[in-house]
Protein chains: 2
Amino acid sequence: MSETQTTSTPWIRIREAAAHVGATVELRGWVAQHRSSGKVQFLVVRDGSGQMQCVAGLNDLSAEQWELGTSLTQECAVIVRGLVKAHPKQTGVFEMVLSHVELVGRAPDYPITPKEHGVDFLMDHRHLWLRSPRQQAILRIRAEIIRAFRDFMDEQGFTLVDAPIFTPNACEGTTNLFETQYFDDKAYLSQSGQLYMEAAAMALGRVYCFGPAFRAEKSKTRRHLIEFWMMEPEWAWATLGDVMNLEEKLLMNTIGRVLDRCREDLKVVERDVSKLERVTAPFPRLHYNDAVKMLQEAGRPFEWGGDLGAPDETELSNRYDSPLMVTHYPAAVKAFYMEPDPTDPRLSLSCDVLAPEGYGEIIGSGQRMSSLELLNQRIDEHGLPHSAFEWYKDLRRYGSVPHSGFGIGIERTLCWLAGLDHVRESAAFGRMLNRLAP
Amino acid sequence: MSETQTTSTPWIRIREAAAHVGATVELRGWVAQHRSSGKVQFLVVRDGSGQMQCVAGLNDLSAEQWELGTSLTQECAVIVRGLVKAHPKQTGVFEMVLSHVELVGRAPDYPITPKEHGVDFLMDHRHLWLRSPRQQAILRIRAEIIRAFRDFMDEQGFTLVDAPIFTPNACEGTTNLFETQYFDDKAYLSQSGQLYMEAAAMALGRVYCFGPAFRAEKSKTRRHLIEFWMMEPEWAWATLGDVMNLEEKLLMNTIGRVLDRCREDLKVVERDVSKLERVTAPFPRLHYNDAVKMLQEAGRPFEWGGDLGAPDETELSNRYDSPLMVTHYPAAVKAFYMEPDPTDPRLSLSCDVLAPEGYGEIIGSGQRMSSLELLNQRIDEHGLPHSAFEWYKDLRRYGSVPHSGFGIGIERTLCWLAGLDHVRESAAFGRMLNRLAP
């Protein structure tokens, strides 16, 4: 029940209906569907929290209101009042017997009709498309995933530290970076908060950032957004094994939360939840060397030393019901700050988590280099400017400790958990190669 | 207790010490202070969750470890083990009797010493400055405020919807906008997610976004960050009065959380908490017309029609212990989408919340225009390009409803609650006019 009251009838949200059976309440929302015989009108109202069917017989409304009711079209904004009843057959479903209908905003020729529309048309009308039950459900699942991530990290004693978006150096080349004039300097939009989180982890022990990241990649695939949200925990004193266990717990916890709190929404997006229910810990763990063998045995033309491509990832992850943790990638295909594997320095203490069902990489993680000497060497090997990394090197000059962390992409996790075919549905206003509006 | 274990001694975080009194545990952290007489060593270890004093007598350590202990300097990374004891006099304080000291990373000539440093020096070393107790405390209070905001909005039935950062149009002039090349187009970094939230509110009823915003303002004050975080709730069917009540509840809830969960940190930053405890709801509400009279009576050269400047805000807000809600600003000083006041169309249905103690505006809020006709007129009056607003106008074409929302800045709220003099301490890596690094 909310604050503004024009009458003594309480304004409720549809998802609160169970608590109001037998009472007369007010709903404020939009017309999702409307049909009428000469004697009965059926009005389905949505208010963002749910949908409710409202029914009126000829005698329930005044002649004027009856007339108004029949004139309603999709997405008209309405205030309705009436008696809440439990559905005679379906538990958890409620109906309203209408006693009052009020039109607040018309919606002549609403562009998105129940018929099929092309993707471009829908994306051009994204501001309205969000109103469809499927898009609403996806946004709610997204919000629940984010909340589950944050709650989990907080419970594990990690402190949220927001990383900066503007960064001064295009450390690893400008190819995939967005550049902007920052007063008299150039600034670049962050692709990752990790280096900053390493500094914060030396202060607070366990930290995470959670914000947008930007990649100016000219790729047009089902998996790439230009602007995406990422959570990046960093943990002082932790090894690769520690963060892998943490990733596993985070994903199990998130699946549990989504299955628990988003059942209805998963139904709306037609997710086969049995596939999520089959995910169990511990997750399969596959050493890079073994991954190479598996790929070669499967007849893929893969040579030791290369990075896994999307088809390789699919080949491997399809063998498991749970996310696959591929570990110890060659140092050469990973970032310069990865700690080498002490048992084989060609390899790195790294792990990518590949979602099942072909959804690909959702987590990248690793142990960070703690030796200043080795870090200097890697910066040279990668041809990076030392000056840009002096502050980062300070973390090794003053009380350096083993530390590890990971990054998890929200949109890809959402695509997997909600079973989305294309990443464009995973953000309210997704930014892609050819999509900057609305 | 965490995952990696090198011995059977459990690794604990200092804030968990109470649960381990009488047990031998391991701490991993950094040396905050160290002093030694010939017979006793005192080592204060910080691990990001707290500080603990560790004591060793000559007989507690081997000769080698005793020697190592005396060589430790500020910010050396150490693993220590020993028996946890409750402090004989101070409740909630625990000490360790050392039985093992291990050096993991040296910190020769750590640049930030307990002596005074200049602000520029500290900001240049922000990645290390974060390790000081005061900066740690501020980051933890910041995280708690953000968590309190999110928890509150979620409990109120609002759904998190992330607004895009890249926007296609410099709708209201490019002066304060950061521009970037977006493939073949220009894109601008968002200053507010509000317009997008209005669209989302028509889908989900109650929504909020929470992310970074960017203002390319050439101002160098104690209050301005170039990059700041903002929460922006938007509520369909809500009036100005509704969101004002919501703002009040949000702030009361947040103060309660911070007082409840950040007592120790507030002590570290030397906040006078009695000033926070004196904040009570309902907050004082002041009509713009009355504010003008008050200012004039106070002898300020203020004319009806103007916007409140920082000194005006301070003059008014200093009269109250609680945040001051100034309402009904002239339409001319507010954004084009503000709903006019039906009782005086020169005014708008708007409200700014001014924090007490001179901290200034922390919330801007208002009821949004619901009439398409009036919106068109305002777009003309402001000389804005209609094409950029067609999607926004669609929200008035299809099922338009009264709706209201607000924006609250994290850094300014943090400055107030933690009693910070300057906004530079309110973000881990604050971006200012002359500050883009580290």
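Which residue of E5(A) stands opposite A:Leu83? The structure is a predicted model, in which local features require a pLDDT of at least 70 and side-chain atom pairs count only at pLDDT 80 or more, while totals for chains, interfaces and linings use all residues. Residues are numbered from 1 along each chain as its sequence is written, chains are lettered from A and ligands numbered from 1 in the order in which they are written, and side-chain values use heavy atoms, with hydrogens and water left out.

In E5(A), the residue that stands opposite A:Leu83 is A:Val97. Strands and helices are taken here as DSSP runs numbered from the N terminus (E, at least two residues, for strands; H or I, at least four residues, for helices), and two strands are regarded as paired if DSSP finds at least two bridges between them. Strand E4 of chain A, which spans residues 77-86, is joined to E5(A) by ten bridges, and these strands run antiparallel. Strand E5 of chain A, comprising residues 94-105, is also joined by three bridges to strand E3 of chain A (residues 51-57), in this case with the strands running parallel; within this pairing, A:Gln53 stands opposite A:Glu95. A:Asp109 is exposed (over 50% relative accessible area, with buried meaning under 20% and partly exposed in between, for a 1.4 Å probe and protein chains only), its own relative accessible area being 71%.

In chain B, eight strands form an open sheet of mixed pairing, in the order E6-E10-E11-E18-E17-E16-E13-E12. The edges of this sheet are strand E6 (159-160) and strand E12 (285-287), each of which pairs on one side only. Within the sheet, strand E16 (residues 350-355) and strand E17 (residues 360-368) of chain B run antiparallel and are joined by six bridges, with B:Val353 standing opposite B:Ile363. The loop between E16 and E17 of chain B contains B:Glu357, which has a positive phi of about 60° although it is not a glycine; B:Glu357 counts as partly exposed, at 30% relative accessibility.

Cis peptide bonds are also present in chain B. Another runs from B:Ala437 to B:Pro438, with omega near -5°, and B:Pro438 lies in the segment after helix H13 (410-418) of chain B.
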